[in-house]
Amino acid sequence: MTAKTNRYPRDVAEVVTAGLCTSCGLCESIAGSDRIKMTLNVNGFMRPGVVSRVDDDVNRTIMRVIPGRGVAGPEASPDGYGNDRWGPIRELMRSWSAEPQVRHHGAAGSFQPGSAAP
Ligand code: SF4
């Protein structure tokens with residue numbers, strides 16, 4: 001039996017292995033394409049590959065800012081969520097396809113701004 005761990009990925013490779021990469025390319029932008037290079041994988045998604053060793057300080061910078069490491073939101077409040085950049089968020093919902101092939105191969109986030117208007 002494998003022990004379940006509850007920790008954040010420590011580097012880009014762990015983000016990708018955990019299936020948390022959003023294909024944003026920020027890691028390549030920070031490290032440089034001589035260290036991390038975005039390429040198309042066999043499923044047709046852009047994913048970073050570590051080309052050469054990433055210095056510890058650069059890795060720390062990447063892991064501090066990338067979306068694939070984890071996203072935490074504010075605590076719920078009766079007035080909705082507050083955020084200086086996004087404004088008030090009254091409700092967040094998740095949905096997914098009932099078709100396994102679509103669900104496992106189509107990964108896209110979306111935001112419907114019109115639904116956020118008061
Ligand atoms: S920075 Fe973006 S592309 Fe790179 S591992 Fe994180 S989520 Fe994926």
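Guide: The largest nonpolar core comprises 9 residues, namely Val12, Val15, Cys21, Cys27, Ala31, Ile36, Val54, Ile62 and Ile66. Such a core is a set of buried Ala, Val, Leu, Ile, Met, Phe, Trp, Tyr and Cys residues joined through C-beta atoms within 7 Å. H1 and H2 are the elements that give two or more residues to this core; helices are DSSP runs of H or I with at least four residues, numbered from the N terminus. This is a predicted model, in which local features need pLDDT of at least 70 and side-chain atom pairs count only at pLDDT 80 or more, while totals for chains, interfaces and linings use all residues. Residues are numbered from 1 along each chain as its sequence is written.

Turning to the ligand, 14 residues lie around it, of which Cys21, Cys24, Cys27, Ile66 and Gly68 come nearest; a residue is near if its C-beta atom, placed from the backbone, lies within 6 Å. Helix H1 (12-17) and helix H2 (26-31) each supply at least two residues of this shell, and H1 gives the largest share, 3 residues. The shell has 10 nonpolar (Ala, Val, Leu, Ile, Met, Phe, Trp, Tyr, Cys, Pro), 4 polar (the others, Gly among them) and no charged residues (Asp, Glu, Lys, Arg).

Ser23 lies in the loop between H1 and H2 and has a positive phi of about 65 degrees, although it is not a glycine.

Conventions
Buried ≥ 20, exposed ≤ 12 C-beta atoms within 10 Å, placed from the backbone.
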